[in-house]
Amino acid sequence: MAALQQTPISFRSKLPPPITSAATTFPKTLSFSLTRRFPVLRRNTGARMSASAASSYAVALADLAKSNNTLEATSADVEKIDKVFSDPSVFSFFMNPTIEEEKKRKMIDELAESMNLLPHMANFLNILIDSRRIDLINDVTKEFERVYNGMTETELAVVSSVVKLESQHLAQIAKTVQKLTGAKNVRIKTVTDPSLVAGFTVRYGNSGSKLIDMSVKKQLEEIAAQLDLSDIPVNV
């Protein structure tokens, strides 16, 4: 397997530095209303309509953040929210129809304070609760990432490895993806995958359609194919 060189390479985004919530001053108009700032969508259980609704909310949130110069900070908050709502117990709490909406809004306030969310992010979550569309939150965060990447000319690269890679290795991977795609910026997400045995893989492109596979698992599969042993499981 080809090894990454040890020469440190710094990879800097050309975007302005992230805006921290402590240094951000929000105008009074940031306290938006549902009808003016975000789309009012009819409820529909169809997958296509749900995807469309999630996309509409994500675009509206990104547009608002961009107009108030908080796009970077909002993106960071969306990542926090995605992690919180990925917890099944948290998601179940907000989806439980027997729990009063007032209790859910109170929980949002507590989460916003503990995670130091921007004011409009807390408002956004309350809007989803009031509209009974909190079920879309995970789809909205994914759509927001797509919209954010488009706005900032950012290519997302998901790096999977057995162990955490060193920062200089990730920087080299980012630089390689940037050369391959011509993107202005490259954003790296890391995933631990023990099934790779050793090495790493990199997925990038539209919905991760392109793959760089430098894993031992891939090499073992290629060797098995060359020896016509594809039907024999390889145990490592």
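Q: How many helices and strands does the protein have?
A: The protein has 9 helices and 4 strands. Helices (H or I, at least four residues) and strands (E, at least two) are DSSP runs, numbered from the N terminus.

Q: What is the pattern along the sequence?
A: The pattern reads α-α-α-α-α-α-α-β-α-β-β-β-α.

Q: What should I know about the source and the numbering?
A: This is a predicted model, where local features need pLDDT of at least 70, side-chain atom pairs count only at pLDDT 80 or more, and totals for chains, interfaces and linings use all residues. Residues are numbered from 1 along each chain as its sequence is written, and side-chain values use heavy atoms, with hydrogens and water left out.

Q: What percentage of the protein counts as buried?
A: Of its 236 residues, 35% count as buried. Buried means under 20% relative accessible area, exposed over 50%, and partly exposed in between (1.4 Å probe, protein chains only).

Q: And contacts? What share joins residues at least 24 apart?
A: That share is 70%, among contacts between residues at least 6 apart in sequence. Contact means heavy atoms within 4.5 Å.

Q: On to the largest nonpolar core. Which residues touch the most other members?
A: F85, M121 and F144 do, in a core of 33 residues. Helix 2 (47-67), helix 3, helix 5, helix 6 (119-130) and helix 7 (137-151) each give two or more residues to this core. The largest share, 7 residues, comes from helix 2.

Q: How is a nonpolar core defined?
A: A nonpolar core is a set of buried Ala, Val, Leu, Ile, Met, Phe, Trp, Tyr and Cys residues joined through side-chain atoms within 4.5 Å. In soluble globular proteins, nonpolar side chains tend to be buried together.

Q: What is M121 in contact with?
A: Leaving aside neighbours within four places in sequence, M121 contacts L61, T74, D77, V78 and I81.

Q: Switching to charges. How many salt bridges does the structure hold?
A: The structure holds 10 salt bridges. A salt bridge is a side-chain nitrogen of Lys or Arg within 4 Å of a carboxyl oxygen of Asp or Glu.

Q: What does E101 pair with?
A: E101 forms a salt bridge with R132, and the closest N and O atoms are 3.5 Å apart. E101 sits in helix 5 and R132 in the loop between helix 6 and helix 7, 31 residues apart. E101 counts as partly exposed because its relative accessibility is 27%. R132 is exposed, at 58%.

Q: What about E145 and K189?
A: Their side chains meet in a salt bridge at 2.8 Å, N to O. E145 lies in helix 7 and K189 in strand 2 (residues 185-192), so the pair ties together parts 44 residues apart in sequence. E145 counts as buried, at 19% relative accessibility. K189 is partly exposed, at 31%.

Q: And R133: buried or exposed?
A: R133 is buried, with a relative accessible area of 3%. Its side chain meets that of D135 in a salt bridge (3.3 Å, N to O). D135 is partly exposed, at 25%.

Q: What does the K104 side chain reach, then?
A: It reaches the backbone oxygen of N96 at 3.0 Å.

Note on methods: A polar contact is a pair of N or O atoms within 3.5 Å; within protein, one must be able to donate a hydrogen and the other to accept it, and residues adjacent in sequence count only if both atoms are side-chain atoms.
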